[in-house]
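Subject: The structure I promised you

Hi,

Here is the structure I said I would pass on. Have it open while you read, and take your time with it.

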Amino acid sequence: MRNEPSPGMSDLTACPQCDLLLQMGQEARDGRQALVCPRCGSGLYRSNRGSLENMLALACAGMILLVVANAFPVLGLDINGQRTDTTVLGAVDKLWLARMQPVAVLVLLTTILAPLLQLAAVIWLVLPLRLGRRPPAFARVFRVLQLVRPWAMTEVLILGMLVAMVKLAHFADLLPGIGIWSFGALMLLLTALTAMTEPRELWRNWEAAGK
Amino acid sequence: MNALQAAGRKLAQCETCGLIGQPAVDPHCRRCGSKLELRRENSIQRTAALLIAGFALYLPANLLPIMETRSMFGMQEDTIMSGVIYLWTSGSWVLASVVFIASVAVPLLKLISLSLLVVSVRWRWRGHALPRARLYRLLETIGRWSMLDVYVVAILVALVQVQSLAAIAPGSGVLAFAAVVVLSMLATMAFDPRLIWDPISDETGKGAKS
Ligand SMILES: [Zn+2]
Ligand SMILES: [Zn+2]
């Protein structure tokens, strides 16, 4: 009771978007029921769909896709028999050499580093939990996950590659590489993983692992 | 209206783990140790500062060339708008519209509507709270799509190099443009949407202080 400031506070939650104080029923607390703010309509909690196994599987598959996506060219050009192609890292390198270092860093961050950190953080958090242990630095890694998620922009990158392809289509033969398909798959996978990551679920598992 | 702000009861929700705590009793979350705050610190000032920087760079982002194409026909400079026009005249109306919306309309509308939200919160408007809350959520989701043109330039620069018939180099506009996108994303993150609801809940008694 020493740490519980007032009785019944564990039933309370607040809408992060409008700060409305809400009473949570047992159903919502156990994640069996989704919770939507009655005042501003933002989704507070999803009913839990993603099990730890699924999250782990997606994160590991994502790591492999991310490596493949960066190991192979995303796009190639054939101009009268002369071929050039590029990876995303190659594009970052060209921007850097063109003295656009801040832009190069931004592209690197949003297309490679942020997805990498997101996947690594999920594995770091979920793998020990799955084994019934508390991961070290749970809160810190969790904050990293929250911090990087808005900066992972794989879906925008895909659209950008499409626009680039249309712009080049009149001027050369295009050769879409393995990289672009891997980025496409990675985009779907990251979307699914983000939808599955329910903070409340992870923290409940964390509490269960401590007992 | 009996709606109750958590802050009105001196309760704050942990932004990391979602647990409710009392920052006046313990400034750190009892579960995860994160700092508890009733409202994001200096939200209005920080958002306003980032917005001003964003507005200042919006014009250079749109007027300066985002890429330079050198070919045997000479040199051609492309701004964001000329890229849209090129797509339009070459028949890709859908993509032209997408690029126009993502690169020209969204950044400007985002800067303007976030400024409006800051003004509304600063002078504690009470009307239209729900549409304002929805507007904020929309801004959170669409902002990222403005990065589109940065990626287009990155891919074109990497592919069209000296050994081809033409060479494309990034222009200084892309630097300003990327800065606008990042600044407006940071401004959206600095804004605290809960401030929209504080003046309304204050009617019922003591509410949150921002
Ligand atoms: Zn709400
Ligand atoms: Zn916490």
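A few ground rules come before that. This is a predicted model, where local features need pLDDT of at least 70 and side-chain atom pairs count only at pLDDT 80 or more, while totals for chains, interfaces and linings use all residues. Residues are numbered from 1 along each chain as its sequence is written, chains are lettered from A and ligands numbered from 1 in the order in which they are written, and side-chain values use heavy atoms, with hydrogens and water left out.

**Domains**

The domain bounds come from an automatic or database domain assignment. In chain A that gives domain 1 (9-45) and domain 2 (51-209), with C-alpha centres 31 Å apart. Chain B is divided into domain 1 (1-39) and domain 2 (40-209), and there the C-alpha centres lie 32 Å apart.

**The cores**

A nonpolar core here is a set of buried Ala, Val, Leu, Ile, Met, Phe, Trp, Tyr and Cys residues joined through side-chain atoms within 4.5 Å. Buried means under 20% relative accessible area, exposed means over 50%, and partly exposed is in between (1.4 Å probe, protein chains only). In soluble globular proteins, nonpolar side chains tend to be buried together.

Which residues touch the most other members of the largest core? They are F183(A) and L202(A), in a core of 125 residues. Helix α4 (residues 101-130) of chain A gives the largest share of this core, twelve residues. Helices (H or I, at least four residues) and strands (E, at least two) are DSSP runs, numbered from the N terminus. Take a look around F183(A): leaving aside neighbours within four places in sequence, its contacts (heavy atoms within 4.5 Å) include V74(A), V88(A), L157(A) and M161(A). There is also a second, separate core of six residues, and among them are L12(A), L21(A), A6(B) and L11(B).

**A strand to look at in chain A**

Next, find strand β5 (residues 75-79) of chain A. Five of its five residues are buried, so the strand is largely enclosed by the rest of the structure. In a regular strand the side chains alternate between the two faces of the sheet. Both faces of β5(A) are covered, with L75(A), L77(A) and I79(A) buried on one side and G76(A) and D78(A) buried on the other.

Two strands pair if DSSP finds at least two bridges between them. β5(A) pairs in the antiparallel sense with strand β6 (residues 82-86) of chain A over five bridges, and also in the antiparallel sense with strand β7 (residues 173-176) of chain A over four bridges.

**A sheet in chain B**

Chain B has an open sheet of three strands in the order β4-β3-β5, with antiparallel pairing. β4 (74-78) and β5 (166-170) stand at the edges with a single partner strand each, so one side of each has no neighbour in the sheet. Strand β3 (residues 67-71) of chain B pairs with β4(B) over five bridges, and S71(B) stands opposite G74(B).

**Aromatic pairs**

Rings of Phe, Tyr and Trp (its six-membered ring) pair if their centres lie within 6.5 Å; planes under 30 degrees apart count as stacked, over 60 as edge-to-face and the rest as tilted. Over all chains there are seven such pairs. The rings of W203(A) and W206(A) have centres 5.1 Å apart and planes at 70°, so this pair is edge-to-face. Both lie in helix α8 (residues 199-210) of chain A, three residues apart, about one turn of the helix, and both are buried. Together with F138(A) and F142(A), they form one aromatic cluster.

For Y136(B) and F191(B), the ring centres are 5.3 Å apart and the planes at 45°, so the pair is tilted. This one links distant parts of the chain, with Y136(B) in helix α4 (residues 129-142) of chain B and F191(B) in the loop between α6 (172-190) and α7 (198-202), 55 residues apart.

Happy exploring!
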